[in-house]
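Dear colleague,

I am passing on to you the structure that we spoke about, and below it I have set out what was found in it. Please read the notes with the structure open beside you.

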Amino acid sequence: MSGHRGRAAALLVTALAVLGFAVPGTVGATFTGTHVNGAPTPIGASSGLGSTFLTHSQAVAAGSPVSRYRTTEAQTASPGTTTADTGTPGGRPATYTSPTASRSATQGPSTWWNFDSATGTTGTTPDSSGAVNTGSLGSGAAVTTAAGKLGDGVHLSGSPGSVVGRMPVDTTGDFTAMVWARLTDSATDYAALALEGPTNSAAALMFRHANSTCTDCWQIRAASTMTAVSSTLQPPVVANWLPPASSTLAGVWWHLAMVYTAPTTAGGTGTLTLYVNGTTQPTSTVPHTVLAAGSHLALGRQAANGGPVNHWNGDLDDARVYQRALSAAEVQAVHNGGSGTTTEAAALTAGLTDALQGPDQGQGGSSAVASDGAMGAFAVRGAGGAPEPAPDTFTIECWLRVGPGHDGQVLGFASDSTSAAPASSDRMLFVDRFGHLAFGVAKPSGFSLLRTPLAVTDGVWHHVAASMGPAGTKLYLDGALMARDAATTAGAAYSGYWRWGASKVYGWSSGGTNVDPSRGALTGTVDEVAVHGTQLTDADVAHHAFSNF
């Protein structure tokens with residue numbers, strides 16, 4: 001986040017200079033907390049940007065009611081999950097909704113590499129979970145349809161081919177990791193997926209050709225402890241799955257999954273379970289406590305003694321990692337999804353690292369929510385669950401992170417809280433098909449559409465905001481006013497709900513070119529959603545972008 005803060009500081013100076021503020025030099029400032037309609041809570045961090053701009057009490061316009069959604073609650077894996085409104089006294093909680101009742105709420109993968117949007121022999125593969133953990137394709141890694149189990153996959157032909165991204169889970173807590181794997185040969189040991197530490201892998205899904213524990217078997221190799229002095233692994237704890245004697249190992253697809261249930265008491269022992277093609281064996285569950293791995297998620301290799309080993313020779317597809325222990329039924333369901341009988345159940349993933357990290361940002365929690373492009377969203381209902389009139393004076397804002405090639409609805413108003421295609425939907429922030437941030441309002445006659453001049457799909461956090469009111473419609477990015485339509489001060493009249501994460505986005509064009517996203521549901525991560533009942537000033541929005549709001 002340090003790169004973001006440096007860029008943000010530069011943007012702040014520019015934005016505030018445009019707004020007519022004097023920019024201070026090195027005056028230290030105390031950032032303040034995020035309690036909206038009460039006294040600010042000191043965080044205790046300092047900044048050289050100056051106190052003039054960075055107190056939360058200044059950031060909120062006087063008398064401006066706001067609904068604020070931080071999604072910090074422990075989420076359940078069922079529709080109907082709610083997140084509290086921390087802004088309005090009494091609150092209007094937002095409820096997770098989905099047009100498909102079987103889709104779970106906020107327990108999706110924290111990384112999902114399906115390779116269907118990646119092409120070529122080198123480069124990157126996007127993260128379809130919405131958590132923006134882009135995978136880097138190493139030399140010798142080729143994404144092709146022939147290499148895929150479900151659409152495209154990645155072909156690796158030994159060293160140095162691999163796919164590497166940041167570590168998406170805390171391996172000392174519950175987690176699940178899975179991948180479809182097809183070997184070209186079974187002549188030696190190969191690693192399909194590994195959760196790597198700086199020196200060795202905490203856990204890896206492997207094919208073992210011949211060793212003391214099994215021969216020609218699938219195996220979880222997991223380190224139990226590391227000595228503080230030498231960083232040498234103790235003997236690995238392994239869970240084995242022995243294929244039937246008649247099985248053909250190479251040239252066929254196998255679905256591999258490891259599920260870790262962490263100990264519930266200090267000093268206790270967790271459990272590792274290996275699933276192959278959705279099933280387990282008696283040798284597949286072992287007591288174990290996984291060590292922390294703070295380095296990488298890797299496909300096609302594992303780490304040992306400070307370097308990559310056991311490079312994969314064959315194809316890999318549909319790799320997913322979850323920050324929870326999937327049940328046996330859920331593992332089976334994902335496996336069956338590869339056979340066409342069911343599909344991944346979760347639309348959103350909660351508990352991701354939030355946008356306001358580190359001492360300068362003043363937060364350190366896990367409140368961000370990723371959307372994987374499926375039609376699941378949070379909707380804000382009025383009193384008694386009733387719809388409310390679409391407002392003509394408001395400001396909406398949140399933090400947003402979207403990776404290359406992804407788009408969808410971010411935050412807006414709609415006439416239905418659950419439908420994938422509500423009759424009316426506007427007053428909407430969305431990422432368009434070209435990667436630009438857009439704000440659209442349907443007027444009584446015609447529409448107003450504002451867009452940023454450049455794309456925002458760079459995989460980093462951005463503060464985004466839009467408003468409508470006496471000053472017209474306005475669109476902001478990272479505290480700076482990007483576009484304005486002074487003539488649009490009111491929108492079409494209907495009743496509905498604020499929604500974020502998914503809605504109908506259809507019929508928007510700019511300069512005669514349709515800019516609708518590829519789908520209504522966002523593939524990306526959202527944090528710190530807020531809805532104001534007033535049109536904030538440009539200075540207010542700039543404050544929010546840089547004051548831990």
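Which residue in E20 does Gly-165 stand opposite? In this model, which is a predicted one, the residue that Gly-165 faces in E20 is Leu-297. The two strands concerned, E11 (residues 163–166) and E20 (residues 296–299), pair in the antiparallel sense over 4 bridges.

Both strands belong to an open sheet of 8 strands, whose order is E7-E8-E11-E20-E13-E14-E15-E16 and whose pairing is antiparallel. At the edges stand strand E7 (123–125) and strand E16 (237–241), and because each has a single partner strand, one side of each is left without a neighbour in the sheet. On average, and with direction ignored, neighbouring strands of this sheet are turned by 20 degrees against each other.

Turning to the aromatic rings, a search of the whole structure gives 10 aromatic pairs. In one of them, the ring centres of Phe-207 and Trp-218 are 5.4 Å apart and the ring planes are at 65 degrees, which is over the 60 degrees required, so the pair counts as edge-to-face. This pair links distant parts of the chain, with Phe-207 in strand E14 (residues 201–210) and Trp-218 in strand E15 (residues 215–222), 11 residues apart, and both Phe-207 and Trp-218 are buried.

Elsewhere, ring pairs join Phe-394, Phe-413, Phe-439, Tyr-494 and Trp-498 into a cluster, while Lys-149 is placed over the face of Trp-180, at 4.8 Å from the ring centre.

With kind regards

Methods. Residues are numbered from 1 along each chain as its sequence is written. This is a predicted model: local features need pLDDT of at least 70, side-chain atom pairs count only at pLDDT 80 or more; totals for chains, interfaces and linings use all residues. Side-chain values use heavy atoms; hydrogens and water are left out. Rings of Phe, Tyr and Trp (its six-membered ring) pair if their centres lie within 6.5 Å; planes under 30 degrees apart count as stacked, over 60 as edge-to-face and the rest as tilted. Buried means under 20% relative accessible area, exposed over 50%, partly exposed in between (1.4 Å probe, protein chains only). A charge sits over a ring if NZ of Lys or CZ of Arg is within 6 Å of the ring centre and within 35 degrees of the ring normal. Two strands pair if DSSP finds at least two bridges between them. Axes are lines fitted to C-alpha atoms, for helices over the stretch in contact, and angles run from 0 to 180 degrees between N-to-C directions.
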